[in-house]
Amino acid sequence: MPASEQIAIAPHLVFDAVTAGTSGAPLVLLLHGFAESMHCWRAQVTALGDMGYRAIAPSQRGYSPGARPDPREFSHYLIDRLMDDAMAIVAAAGYGEARFHLVGHDWGGSIAWGIADRHHARLASLTILSRPHPNAFNRALMADSEQAQRSRHHKAFLEPDAADVVLADDAKWLRDRLTANGVPADAIEMHLAVLGNKDAMEAALAWYRARGAIRGPLGPIRVPTLYIWGDADDTVGRNAAKGTVDFIAAPYRFEVLPGVGHFAADQAPERVCELMLEHLAAHPA
């Protein structure tokens, strides 16, 4: 089972994390998205630890109570701050300038794409779930009305009462969304234990309000990349997913999970673990 740890990168930035494996083993940093938490990676963290890796999955800025700057000041939640957090967690875990493996889903995928662009020499491999390369996503938004429809919830999250709406009636919106995407009931409760309160939700939505999604353009990704997309994903259409190949200048593998929705790590943990471990083994740190 994964262990629970806290990782401090500054006195006011202390991140909760689930971890496994021995310190000093090859590092895998796993970044979650919305509306989940570090617990979406529990199966992958366990599998990575069992296979000799050091796996760290933090609850990111705003999700961790000890790393929750005032969400009313959106500059605290800009994408650069989120990327800096990830690199600082790597350093605080004892990996200094060492190469490591990076995994990201949804918002965590956006951060991971940005790190791969900015710090490609530090990465041995990149694994992305759901979130297309930002250039492919932006291209699909402009050319594909279906993708714009899939992304309409982003605007709703900018409304002042968005946190109240999402948490109303025992977080019915969030529960329904996760359930519709095949997230097991026990996983939903784990995510709600992190995100199901007003302070955490306001901070999570501040990521959207800071307009921190990478709008690109990013350069071609020069890191060996595995991109996993479920063909039942309700937020990312096929055009954006398939178009990601156009922006990779390194070994690339695109894996489609039939019938799997947006939250693949929770819905299809065994297949995600299998694909991830194959990818990491092919590109050692």
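Reply: One aromatic cluster is formed by Phe 34, Tyr 63, Trp 107, Trp 207 and Tyr 208. The model is predicted, so local features need pLDDT of at least 70 and side-chain atom pairs count only at pLDDT 80 or more, while totals for chains, interfaces and linings use all residues. Residues are numbered from 1 along each chain as its sequence is written, and side-chain values use heavy atoms, with hydrogens and water left out.

Me: How many aromatic pairs does a search of the whole structure find?
Reply: Rings of Phe, Tyr and Trp (for Trp the six-membered ring) pair if their centres lie within 6.5 Å; planes under 30 degrees apart are stacked, over 60 edge-to-face, and the rest tilted. Searching the whole structure on that basis gives six aromatic pairs.

Me: Of what kind is the pair of Phe 34 and Tyr 208?
Reply: The ring centres of Phe 34 and Tyr 208 are 5.6 Å apart and the planes stand at 80°, so the pair is edge-to-face. This pair links distant parts of the chain, 174 residues apart. Helices (H or I, at least four residues) and strands (E, at least two) are DSSP runs, numbered from the N terminus. Phe 34 sits in the loop between strand E3 (27-31) and helix H1 (42-50), Tyr 208 is in helix H9, and the kind of pair is edge-to-face.

Me: Is Phe 34 buried or exposed?
Reply: Buried means under 20% relative accessible area, exposed over 50%, and partly exposed in between (1.4 Å probe, protein chains only). Phe 34 has a relative accessible area of 2%, so the word for Phe 34 is buried.

Me: Where does Trp 207 lie, in the pair with Tyr 63?
Reply: The rings of Tyr 63 and Trp 207 have centres 5.7 Å apart and planes at 80°, so this pair is edge-to-face. Tyr 63, in the loop between strand E4 (54-58) and H2, is 144 residues from its partner. Tyr 63 is buried at 2% relative accessible area, and Trp 207 is buried at 1%. Trp 207 lies in helix H9.

Me: How many salt bridges does the structure hold?
Reply: A salt bridge is a side-chain nitrogen of Lys or Arg within 4 Å of a carboxyl oxygen of Asp or Glu. One of them joins Asp 80 and Arg 118, with N to O at 2.9 Å. The structure's count is 19 salt bridges.

Me: Which helices hold Asp 80 and Arg 118?
Reply: Asp 80 is partly exposed at 38% relative accessibility, and Arg 118 is partly exposed at 44%. The two are 38 residues apart in sequence, so the pair ties together separate parts: helix H2 (residues 79-95) for Asp 80, and for Arg 118 helix H3 (residues 107-118).

Me: Which residue forms a salt bridge with Arg 122?
Reply: The closest N and O atoms of this pair are 3.7 Å apart, and the partner is Glu 97. Arg 122 is in the loop between H3 and strand E6 (123-129), and Glu 97 in the loop between H2 and strand E5 (100-105), 25 residues apart.

Me: In which helix do Lys 198 and Glu 202 lie?
Reply: Lys 198 forms a salt bridge with Glu 202, the closest N and O atoms being 3.9 Å apart. Lys 198 is partly exposed at 37% relative accessible area, while Glu 202 is buried at 19%. They are four residues apart, about one turn, and both lie in helix H9 (residues 198-209).

Me: How many disulfides does the structure hold?
Reply: A disulfide is a pair of cysteine sulfur atoms within 2.5 Å. The cysteine sulfur closest to that of Cys 40 is in Cys 273, 11 Å away, too far for a bond. Cys 40 is buried at 1% relative accessibility, and Cys 273 is buried at 11%. The number of disulfides is zero.
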